[in-house]
Amino acid sequence: MRIRSVRLDRVVIPFLEPFRIANGEVSKKEAIIVSIQTTDGVRGVGEASPMGGSFYSDETPDSTWKFLNEVLIPHVFTLPDYSPEQFAEYLNQFTHEPFARAGLEGAVWEAYAHQIGSPLYALLGGKRTDIPSGAAIGLFDTIDELLSRVEKFLHFGYRRIKIKIQPGWDIEPLRAIRNRFGNIPLMVDANASYGIDRDVSIFNEIDQFGLMMIEQPLAKESFEESAELQRRLQTPLCADESAYSFEALEKIIELRSAKIINIKVQRVGGLYNAKRMAERAMRAGMPCWLGTMPELGIASAQGLHLASHPAFQYPTDIEASDRWYREDIISPNIEVEPSGVIVLRNWGADAAKISRFSIEEKVFSA
Ligand SMILES: [Mg+2]
């Protein structure tokens, strides 16, 4: 396969409500939609989806746009024939801008799936077509606001509830949720906002709530401290920010810094790298789940196909389209069944919606 032309659309879509985590807040979703046509005339669409603002990652919508325009797209026109795996390996020679690489690679996977007439999940080693989904709930000012969100998402059927925590917003919300909703599948995500020595008593208290896991309590590079914390606690730790590359994953496995891994396709530069990491974690006895930041429907749909792989054993963070957006850019929308699963569908990019939300576009030819 080879790419003959690429079209980039930079889209901005407002969130239904701002998403607040320990290190910042976003109110709109920015993404770059990458539409390709191959030399055989097959189309594929991907999504490069860095978070707006720069609090979450070094890469931003601006840096991703620039890298795609100036480096990556001119480069891929020079490549010989490739499979999606070979294409991903070619892109891996660039060690930065994972979001840009993930967007282009997603388009290639989709085109390849169309070309050979296979569902994407099967190409990625997936087995199941119903993917358990969990709800992720940001920070709020009051316990009542939090509880009303938890109630709503439980009502929709989500298989687990994850709440964001930070120092000062941890024990009280957990106690309130356990009091109101009992022993529901519950986990917390600290987004690296705690210190191993400073927060000893908080960790000991959190450990009493019977949580599924504590996601990323310590700083991204705190591999050894995290291993020490895991030895002290019953609750499994989950590496998220720390699991930023294959090499970082090797460190987590070697030191036993966590028991569970959150794999994010965009952060690690695409489906191929994410799959390799998940399979490596599985071999090391560490179950994974598929996280989001969140993305729009195109990247979410592709993530769901990957989450079909047996290495992903906990519910994904990918939620229904209408959890985040009044309008998503795929058809049909992603929906959560009352049983809390998302059934894999033949999702496709909605060109009319993409052009409606597009603020900038560019077309390239080989
Ligand atoms: Mg997280």
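A crossing of two helices is right-handed if the near helix is turned clockwise from the far one by less than a right angle, and left-handed if anticlockwise. This report uses that idea on a predicted model.

**Two domains**

The protein is divided in two. Domain 1 covers residues 3-118 and 352-365. Domain 2 covers residues 123-349. The C-alpha centres of domain 1 and domain 2 lie 23 Å apart. The two parts also touch: 41 residues of domain 1 are in contact with 45 residues of domain 2.

| Helix pair | Angle | Axis distance | Handedness |
|---|---|---|---|
| α1 and α3 | roughly 50° | within 9 Å | right-handed |
| α5 and α6 | about 45° | 10 Å | right-handed |

Helix α1 spans residues 61-76, and helix α3 spans residues 98-116. Their axes cross at roughly 50°, so α1 and α3 are oblique to each other. Seen from either side, the crossing of α1 and α3 is right-handed. On the α1 side, the contact is made by Thr64, Phe67, Leu68, Leu72 and Val76. On the α3 side, Phe99, Ala100, Arg101 and Leu104 take part. 

Now take the second pair. The angle between α5 and α6 is about 45°, so this pair is oblique too. From α5, the contact uses Ile143, Leu146, Leu147, Val150, Glu151 and Leu154. From α6 come Glu172, Pro173, Ala176, Ile177, Arg180 and Phe181.

**Helix α6 and its surroundings**

Helix α6 runs over residues 171-181. Which of its residues are buried? They are Ile171, Pro173, Leu174, Ala176, Ile177, Arg178 and Phe181. These buried residues pack against α5 (143-156), β6 (161-164), β7 (186-189) and α7 (200-206). Just after α6 comes Gly182, with a positive phi of about 70°.

**The nonpolar cores**

The largest nonpolar core has 99 residues. Within this core, Ile161, Ile163, Ile177 and Ile261 touch the most other members. Helix α10 (residues 271-283) gives the largest share, 6 residues. The core draws at least three residues from each of domain 1 and domain 2.

What does Ile177 touch? Beyond residues up to four places away in sequence, Ile177 touches Leu146, Leu147, Val150, Ile163, Gly182, Ile184 and Leu186.

**Two buried residues**

Leu124 sits in the loop between α4 (120-123) and β4 (130-132). Is Leu124 buried or exposed? Its relative accessibility is 0%, so Leu124 counts as buried. Leaving aside neighbours within four places in sequence, Leu124 is in contact with Trp109, Leu271, Lys275, His305, Leu306 and His309. Ala135 is 11 residues from Leu124 along the chain, and their C-alpha atoms are separated by 24 Å.

Ser300 is found in helix α11, residues 297-306. The cut-off for buried is under 20% relative accessible area. Ser300 has 5%, so Ser300 is buried. Apart from residues up to four places away in sequence, Ser300 touches Glu295, Ile318 and Ile334.

Terms used: Residues are numbered from 1 along each chain as its sequence is written. This is a predicted model: local features need pLDDT of at least 70, side-chain atom pairs count only at pLDDT 80 or more; totals for chains, interfaces and linings use all residues. Side-chain values use heavy atoms; hydrogens and water are left out. A nonpolar core is a set of buried Ala, Val, Leu, Ile, Met, Phe, Trp, Tyr and Cys residues joined through side-chain atoms within 4.5 Å. Buried means under 20% relative accessible area, exposed over 50%, partly exposed in between (1.4 Å probe, protein chains only). Helices (H or I, at least four residues) and strands (E, at least two) are DSSP runs, numbered from the N terminus. Domain bounds come from an automatic or database domain assignment. Contact means heavy atoms within 4.5 Å. Axes are lines fitted to C-alpha atoms, for helices over the stretch in contact, and angles run from 0 to 180 degrees between N-to-C directions. Angles under 35 degrees count as roughly parallel, over 145 as roughly antiparallel, 65 to 115 as roughly perpendicular and the rest as oblique.
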